[in-house]
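Good morning, and thank you for coming. I would ask you to look at the sequence and the structure first, and then I shall go through a few points.

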Amino acid sequence: MYHRLKYSSIALALAAVCCLAGCNHAQTKTATATPPSAASTAAYHAAFTTWSTQSQHDAERLLENDVIIYPNDQRLAFFRAACMRSRFDIPKARPLLEKVVELDANSSMGQCASDILRLDEGADLVASSNNLNALSEQKPVDPIVLWLNGIECRSFHQSEEGVRVYKQLLSIIPKPGPVLAHQTYANMLDETGDHKEALVHRLIAVKQEPAPWSYNGLANTLDRLGRPEDAAKVRQAAAEGFRQ
């Protein structure tokens with residue numbers, strides 16, 4: 001993020017559900033979020049478990065349905081927004097992030113969503129980054145906010161910081177972790193020269209979500225490891241498989 005270029009590194013611990021005192025840049029709106037019910041809490045945990053241990057794609061399908069059933073549950077809206085933003089689909093993520101802010105702009109999730117919106121718009125970069133930095137110093141750790149910080153590292157080409165964030169994320173969630181965490185982590189590992197470690201995460205990404213982008217990432221890492229023949233085989237196998 002912008003402040004990483006000139007200011008101190010962002011910390012890795014983020015607030016989960018409590019409001020953050022002293023970080024009041026978000027405009028105050030009437031909170032419309034409802035307290036989580038037993039049913040919406042179960043839905044959140046089901047999506048989180050699926051996201052972390054099984055399939056991000058399947059978790060996204062659950063969340064798409066969950067936010068319809070529980071439209072005022074901020075955690076579910078925030079989680080779905082993060083999934084869309086992890087695919088770098090900013091147009092689809094934007095209304096979801098705006099919904100999070102609308103539900104409660106002053107919660108840690110609402111403030112984080114506001115920061116991401118402003119950073120993606122290129123507005124109030126320093127203020128938004130400073131507030132996100134303050135949020136990141138809070139505990140307990142919220143993996144979804146941590147994930148969004150890693151995504152913004154990638155967006156602002158802050159690979160060294162991003163490597164630290166994704167390493168922390170993958171250390172605190174059940175394994176193997178979501179596919180887009182591994183893919184984006186591998187991108188930044190490649191950019192910092194750690195191609196051997198990047199290969200580990202490329203293979204996980206390909207296994208979890210076989211797609212042109214995951215195979216292309218694997219081939220790119222193999223090229224950087226000095227294995228052009230293996231890279232060519234991966235590209236050929238992917239081209240033949242996806243044509244079928």
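Let me begin with two residues: Tyr 44 and Phe 79 are both buried. Please keep in mind throughout that this is a predicted model.

How many aromatic pairs are there under the rule applied here? The count is 7. In the pair of Tyr 44 and Phe 79, the ring centres are 5.5 Å apart and the planes meet at 50°. Stacked pairs need planes under 30 degrees apart and edge-to-face pairs over 60, so this pair is classed as tilted. Because Tyr 44 belongs to helix α2 and Phe 79 to helix α4, the contact ties together parts that lie 35 residues apart in sequence.

A second pair, Tyr 166 with Tyr 185, is stacked, with 6.2 Å from centre to centre and 20° between the planes. This pair also links distant parts of the chain: Tyr 166 sits in helix α9, residues 159-172, and Tyr 185 in helix α10, 19 residues apart. Are these two tyrosines buried or exposed? Tyr 166 has a relative accessible area of 1%, and Tyr 185 has 6%. Buried means under 20%, so Tyr 166 counts as buried, and so does Tyr 185.

Returning to Tyr 44, ring pairs join this residue with Phe 48, Trp 51, Phe 79 and Trp 147 in a cluster. Tyr 44 also has a charged neighbour: Arg 75 lies over the face of its ring, 5.0 Å from the ring centre.

I now turn to the helix that carries Phe 79. Helix α4 covers residues 74-86, which is 13 residues. From first C-alpha to last, α4 reaches 18 Å, close to the 18 Å expected at 1.5 Å a residue.

How many of the residues of α4 are buried? The number is 12 of 13, and the helix is thus mostly covered. Among them are Arg 75, Phe 79, Cys 83 and Arg 85. Which helices do these buried residues pack against? The partners are α2 (38-53), α3 (56-69), α5 (90-103), α6 (108-121), α8 (143-155) and α10 (179-191).

After α4 comes Phe 88, which has a positive phi, near 60°.

Technical notes: Residues numbered from 1 in each chain as written. Predicted model: local features only at pLDDT ≥ 70, side-chain atom pairs only at ≥ 80, totals over all residues. Heavy atoms only, no water. Helix = DSSP H or I, 4+ residues; strand = E, 2+ residues; numbered from the N terminus. Expected span 1.5 Å × (residues − 1). Buried < 20%, exposed > 50% of the residue type's maximum accessible area, 1.4 Å probe, protein only. Contact = heavy atoms within 4.5 Å. Phe/Tyr/Trp six-rings, centres within 6.5 Å; stacked < 30°, edge-to-face > 60°. Lys NZ or Arg CZ within 6 Å of the ring centre and 35° of its normal.
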